[in-house]
Amino acid sequence: QLDEARCFTLNCYTKKKRAIAALMATPYDQARLETAVLRSTVNNGKKETIAERLFLFTHRDGDTRVSIALQNRTTMAASLIIDLSGSTNTRANTPTLKVPITIPPRSEMLAAHCMPVNAARPWTVKVALKTGAA
């Protein structure tokens with residue numbers, strides 16, 4: 001069982017000029033990984049209250065990654081816009097740095113993963129939220 005998520009680097013050396021590496025996983029494996037990262041973020045992250053029974057968790061894993069999770073303990077869906085545009089030297093797994101998200105009632109979900117563009121330079125993640133729009 002996966003209970004912790006860690007970034008890692010895999011260096012491959014070959015005598016050929018071009019090598020191809022492929023990561024193969026089933027949707028079941030992806031779901032287990034998502035669950036493990038979500039649990040780690042909620043259990044170890046900094047908790048901020050967005051509204052009554054609506055929470056944001058931010059967990060920085062060393063110098064390699066920041067995970068952002070949302071928890072909705074209300075009986076209604078919550079619509080938010082997550083704005084990461086104030087971050088510096090940062091890349092996110094989202095299509096843009098402003099992402100609309102709807103969180104179902106009584107649930108939690110990963111909102112974003114952020115990593116440095118250039119690991120040799122300082123990087124920051126700044127999360128701004130707007131409620132009521134998705």
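Are aspartate 61 and arginine 65 buried or exposed?

Modeller: In this predicted model, both aspartate 61 and arginine 65 are buried. Their side chains form a salt bridge, with an N to O distance of 3.1 Å. The count of salt bridges comes to three, and the other two may be described alongside this one.

One of them joins arginine 39 to glutamate 108 at 2.2 Å, N to O. Because arginine 39 belongs to helix H1 (residues 27-44) and glutamate 108 to strand S7, this pair ties together parts that lie 69 residues apart in sequence. Arginine 39 is partly exposed, at 34% relative accessibility, and glutamate 108 is likewise partly exposed, at 24%. Another salt bridge links glutamate 48 with lysine 46 at 3.7 Å, N to O. Here glutamate 48 is partly exposed at 34% relative accessibility, whereas lysine 46, at 53%, counts as exposed.

In soluble globular proteins, nonpolar side chains tend to be buried together. The largest nonpolar core comprises 17 residues, and Ile68, Leu70, Leu84 and Ile101 have the most contacts inside it. Two or more residues come from each of strand S2 (54-61), strand S3 (65-72), strand S4 (78-83), strand S6 (98-103) and strand S7 (107-116). Apart from this core lies another, of seven residues, including Val37, Phe57, Ala69 and Leu110.

Leucine 70 illustrates the packing. Setting aside residues up to four places away in sequence, leucine 70 touches a group of residues that includes Ile50, Phe55, Leu56, Leu80, Ile82, Ile101 and Ile103. Glu108, the salt-bridge partner of arginine 39, is also among the residues that leucine 70 touches.

Phe55, another contact of leucine 70, has the charged end of lysine 47 over its ring, 4.2 Å from the ring centre. Aromatic pairs, by contrast, number zero in the structure.

Serine 87 is found in the loop between S4 and strand S5 (90-92), and it is buried, with a relative accessible area of 16%. Its side chain reaches the backbone nitrogen of lysine 126 at 2.9 Å. Beyond its neighbours within four places in sequence, serine 87 is in contact with Thr124, Val125 and Lys126.

Conventions: Residues are numbered from 1 along each chain as its sequence is written. This is a predicted model: local features need pLDDT of at least 70, side-chain atom pairs count only at pLDDT 80 or more; totals for chains, interfaces and linings use all residues. Side-chain values use heavy atoms; hydrogens and water are left out. A nonpolar core is a set of buried Ala, Val, Leu, Ile, Met, Phe, Trp, Tyr and Cys residues joined through side-chain atoms within 4.5 Å. Buried means under 20% relative accessible area, exposed over 50%, partly exposed in between (1.4 Å probe, protein chains only). Helices (H or I, at least four residues) and strands (E, at least two) are DSSP runs, numbered from the N terminus. Contact means heavy atoms within 4.5 Å. Rings of Phe, Tyr and Trp (its six-membered ring) pair if their centres lie within 6.5 Å; planes under 30 degrees apart count as stacked, over 60 as edge-to-face and the rest as tilted. A charge sits over a ring if NZ of Lys or CZ of Arg is within 6 Å of the ring centre and within 35 degrees of the ring normal. A polar contact is a pair of N or O atoms within 3.5 Å; within protein, one must be able to donate a hydrogen and the other to accept it, and residues adjacent in sequence count only if both atoms are side-chain atoms. A salt bridge is a side-chain nitrogen of Lys or Arg within 4 Å of a carboxyl oxygen of Asp or Glu.
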